[in-house]
Amino acid sequence: MHLTKRFFTMNTLAVLVSIGLTFLAVIIFVAAYTKVFGREAGMKEFQKVFEVRAAINEIKREALTFKFEQLLDHNYQQMLSDRVNALDASAIILINKEVLYATQNFNKFDIDKSLMLSDDSASLDEIELDGKTYMFTRADYKLPSGDRGILLLLAPIKVKTGFYVLLGVFTVSFFTVVFLLMNFWISYKFSRGIILPISRLKDAAIKIREGDLSCEISEEGEGEIRELGRTLELMRIKLKESVYVQQKYDDNRKFLVSSISHDLKTPVTSIKGYIEGIIDGVAKTPEKLEEYLETARSKAILVNAMIDDLLLYSKLDLNQLPYHFEKSDLVSYFEDCAADHKYECEKANISLELINELKEPVKVLIDRERLKRVIQNILDNAVMYAGEIDGKIAIILRETRTSAIIEIKDNGKGIPENKLPYIFERFYQVDPSRKSGSGLGLAIAKQIVEGHEGNIWAKSVVGEGTRIMISLKKF
């Protein structure tokens, strides 16, 4: 329930409960009062009022059975006088506004006031005359002359007001006390359910503003307050994750800069040395000059490849490299990959074979260019570490119920078991003495495969070779 509706409901409930309890208290008070002081203390007056009311109505009903001329009879007037005097009431007989008979003298203003108050002969009203309250009623007659005859009956209301004043004071006081207690209870509930949680949320927001993201925000309070606490907690978690990711990126950049600077230093130093040798005339013969230039060129190519790998890995690590996925046939795609690398393998005296173990065509959703980079990096490592004599590399395609499995296998010397878990880490070299790349090849391959929502892992046996496996979802 929204806070506004809840607040309105609680206040309405407080008023209704206060009224209900006050009504119950008044009943108990009246019962106790009459029991202590006797029923005559209050109920006797009520009984007398009702008796007078009934008697006046009876006189009126009887008078209406007579003709107006009978009201002017002396005997009727005497009987009327005895009856109203017994009730401590008064009777006035008028034609229009002229008084013909009255058991008690009233001034003309009071009589006119009584006649103007109501011309409904069926009503029994109350009127204040000369500081006193009267019940009055009237009986109207239409005379043959066109005049109106009126019998006006008035009876004073004599009820002791002390009890009612006491009852009024008790009612107002009890209602005020109950209403204040209800409001105190509502304030207490709101302070526990709204004000205190808001105060805690304020303290938590101040800590977040100051950079302290370690304090967990609990979900407490009512309605929107609980939702606000949940939202702030999610915001805190997101901020904490953002800070962690930013710190990780900063650490990555520092590590990349320091690592690539160290790795670039060796080939750049070699290029500088060969160029200085050419300038100083060390390479005196054309053959020597060509050798120096070719070596400098190969080192420059290596530096360029390392820089390309660094830029690519940085973009992958920061999720800044877009993928363009398309559904492709797995066999035809790897036939193209094998054809692209066949020449390089033959040049290195290594055979490259594509083995298809699929029972039927398999489709995968891939970015063709990015996945080619993965295969290239894996094949480059395989060529580097394949057997020096009768080197062999095989690309094997097979499948499970939900995935396509690509295995790239070589017959090299293998990777020791203690080094196998680290081969997909950046700048890791299994054999530092044979350093000929950036050390980012398999790290880049891992980033791209995971960008395809796939998995990549390795198995190796020393002396038998290494197997790199890639798992991609089938479509």
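The structure shown here is a predicted model. A pair of aromatic rings is described by the distance of the centres and the angle of the planes.

Phe 175 and Phe 179 both belong to helix α6 (residues 162-209), where, being four residues apart, they are separated by about one helical turn. Phe 175 counts as partly exposed, at 29% relative accessibility. Phe 179 is also partly exposed, with a relative accessible area of 26%. Elsewhere, ring pairs connect Phe 29, Phe 170 and Phe 174 into a cluster.

The next element is a sheet. Strands of a sheet pair through backbone hydrogen bonds, either parallel or antiparallel. Here five strands form an open sheet in the order β2-β1-β5-β4-β3, and the pairing is antiparallel. The edges are taken by β2 (98-102) and β3 (125-129); each has a single partner strand, so one side of each is left without a neighbour in the sheet. On average, neighbouring strands of this sheet are turned by 35° against each other, direction ignored.

Side chains of opposite charge can pair when their charged atoms come close. The structure holds 15 salt bridges. In one of them the side chains of Glu 62 and Arg 83 meet, at 2.4 Å from N to O. This pair links distant parts of the chain, with Glu 62 in helix α2 (residues 43-63) and Arg 83 in helix α4 (residues 74-86), 21 residues apart. Glu 62 has a relative accessible area of 29% and is partly exposed. Arg 83 is partly exposed as well, with a relative accessible area of 26%.

Another salt bridge is formed by Lys 372 and Asp 340, whose closest N and O atoms are 3.8 Å apart. This pair too links distant parts of the chain: Lys 372 lies in helix α10 (residues 368-385) and Asp 340 in helix α9 (residues 330-347), 32 residues apart. The distance counts because the cut-off for a salt bridge is 4 Å. Lys 372 is partly exposed, with a relative accessible area of 26%, and Asp 340 is partly exposed, with a relative accessible area of 46%.

A further bridge joins Glu 407 to Arg 398, with the closest N and O atoms 2.4 Å apart. At 2% relative accessibility, Glu 407 is buried, because that label applies under 20%. Arg 398, by contrast, is partly exposed, with a relative accessible area of 25%. Salt bridges also link Arg 138, Asp 140 and Arg 148 in a network.

Note on methods. Residues are numbered from 1 along each chain as its sequence is written. This is a predicted model: local features need pLDDT of at least 70, side-chain atom pairs count only at pLDDT 80 or more; totals for chains, interfaces and linings use all residues. Side-chain values use heavy atoms; hydrogens and water are left out. Helices (H or I, at least four residues) and strands (E, at least two) are DSSP runs, numbered from the N terminus. Buried means under 20% relative accessible area, exposed over 50%, partly exposed in between (1.4 Å probe, protein chains only). Rings of Phe, Tyr and Trp (its six-membered ring) pair if their centres lie within 6.5 Å; planes under 30 degrees apart count as stacked, over 60 as edge-to-face and the rest as tilted. Two strands pair if DSSP finds at least two bridges between them. Axes are lines fitted to C-alpha atoms, for helices over the stretch in contact, and angles run from 0 to 180 degrees between N-to-C directions.
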